[in-house]
Amino acid sequence: MSDLKRSWLDSANAPDTDFPLNNLPYGVFSVDDGDLRCGVAIGDRIVDATGLEAAGHLRADPEADVLDAPYWNDFMELGPTTWYAYRQVLSMMLAEGSDEHVQDIVTTFSVPMAKARLHMPFRVAEYTDFYAGRHHATNVGTMFRGPENALPPNWLHMPIGYNGRASSVVVSGTPVKRPWGQLKSPDHDVPIFAPSRRFDIELEMGAIVGVPSDGPLSVDQAFANIFGYVLLNDWSARDIQAWEYQPLGPFQAKATATTISPWIVPASALAPFRCATPEREKPLLPHLADTAPMNHDIDLSITLNGETIAQTNANELYYSAAQQLAHHATSGCPMRAGDLLGSGTISGPEKHQRGSLLELSWGGKETIDTASGPRTFIEDGDTLALHGVARGNGYRLGFGPCTGTVEPAAKDPFTS
């Protein structure tokens with residue numbers, strides 16, 4: 001028997017929809033030139049959560065409007081009990097057999113997804129990007145340090161990360177301009193200032209913190225504090241990165257843009273897809289040790305101009321998002337509602353499972369044959385998209401595409 005939760009909205013029961021009643025992801029939308037509104041995806045429609053709240057039909061907080069702003073942060077701060085209750089009531093309103101009056105209300109406060117424009121679903125407080133995929137870390141380390149020194153000594157003991165730019169996180173569909181930067185030139189003793197020639201992507205998952213904290217968190221507490229997940233593309237200028245990363249790691253190479261998918265899939269929707277992290281080579285210290293399955297079984301893929309060039313799964317992550325958050329909080333640094341944690345590139349053990357062009361082309365040494373022509377890194381005009389689907393019994397959960405088209409670099413900003 002199928003585990004699909006059936007809705008009175010037929011499109012939510014279609015076998016190929018990313019947005020069945022089991023999902024109910026959160027986003028922000030507008031129609032024509034109207035206001036930005038919080039919405040929930042169901043089948044081929046978006047429920048206007050802002051409108052339902054304003055009309056008094058479905059309120060997360062009986063004493064305050066939390067969905068009257070164009071982001072879900074205020075709702076997140078109400079905590080897991082409210083998240084659960086809101087989702088339960090909305091599910092009942094959308095479920096097969098619900099009262100016709102309720103169906104009329106939802107129909108009134110919903111729009112066709114095809115007519116809507118999607119925006120950033122939340123306000124990013126801070127952005128931290130991790131390096132939690134072992135196959136990716138091994139591949140990159142092998143390229144630059146050889147297989148015997150591929151992983152740094154600390155890698156098997158903690159999730160490594162760096163603080164990125166919250167200001168350059170953008171929603172799917174936003175064009176990305178090729179960045180300028182300092183590049184090491186093989187023909188000169190000094191670097192040159194030029195547009196990146198080795199522009200790349202990274203296939204990642206993003207976890208969104210919903211519950212603020214101001215001290216250390218256990219892995220279990222961290223898991224409970226995660227509101228939901230998005231697909232995340234950490235655009236990377238590999239030549240800028242190669243010149244700048246010693247001794248403090250990535251900086252300008254990662255600052256151009258980070259693209260996320262438009263829908264936040266709630267952590268609760270992904271509960272049936274929880275799975276264990278890969279087998280540990282070395283035991284983790286107790287504060288990071290696995291207490292339960294906290295990874296997720298989500299099929300992931302990359303397309304270049306519509307053609308699939310890589311496929312992998314989120315279950316390849318060596319450190320779960322909960323372990324990343326717990327490690328982040330060990331110093332006592334405050335975590336805020338809307339903090340975004342990138343997983344790091346997710347690659348599998350096979351070549352077709354590599355989550356970046358850096359790996360697929362092995363540092364630019366091997367040509368990637370595509371229908372658009374040979375590639376080693378991204379060319380101007382290329383559209384890169386990440387896709388993610390969790391496959392259940394008789395249904396699937398999707399995130400919506402995570403897409404960006406690379407535009408040519410701007411004219412030299414320092415030449416009139």
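## The second largest pocket

α3 (80–94), α6 (219–225) and β14 (226–234) are elements that each bring two or more residues to the lining of the second largest pocket. Please keep in mind that you are looking at a predicted model. Among the contributors, α3 has the largest share of this lining, with four residues.

The volume of the second largest pocket comes to about 280 Å³. Sorted by class, the lining of the second largest pocket has twelve nonpolar residues, two polar ones and two charged ones.

## The largest pocket

Now for the largest pocket, which holds about 900 Å³ of space. A total of 33 residues line the largest pocket, and Y131, V140, R145, Q241 and Y245 lie nearest its centre.

Which elements each supply at least two residues of the lining of the largest pocket? They are the strands β6 (127–130) and β7 (161–163), together with the helices α5 (134–145) and α7 (238–244). With six residues, α5 gives the most to this lining.

How many cavities of 30 Å³ or more does a search of the whole structure find? The search turns up one, and about 140 Å³ of space lies in this largest cavity. It is lined by 17 residues, with M205, Y229, H296, L317 and A321 the closest to its centre.

Several elements give two or more residues to the lining of the largest cavity: β13 (203–209), β19 (295–296), α8 (321–329) and β22 (340–342). The largest share belongs to β13, which provides three residues. By class, the cavity lining has ten nonpolar and seven polar residues, and no charged residues.

## A quick recap

| Space | Volume | Top contributor to the lining |
|---|---|---|
| Largest pocket | about 900 Å³ | α5, six residues |
| Second largest pocket | about 280 Å³ | α3, four residues |
| Largest cavity | about 140 Å³ | β13, three residues |

Technical notes: Residues numbered from 1 in each chain as written. Predicted model: local features only at pLDDT ≥ 70, side-chain atom pairs only at ≥ 80, totals over all residues. Heavy atoms only, no water. 1 Å grid on protein atoms, 1.4 Å probe; cavity = no way out; pocket = protein on both sides within 12 Å on 5 of 7 lines; lining within 4 Å. Points joined across faces, edges and corners; volume = space filled by probe spheres on them. Nonpolar A, V, L, I, M, F, W, Y, C, P; charged D, E, K, R; others polar.
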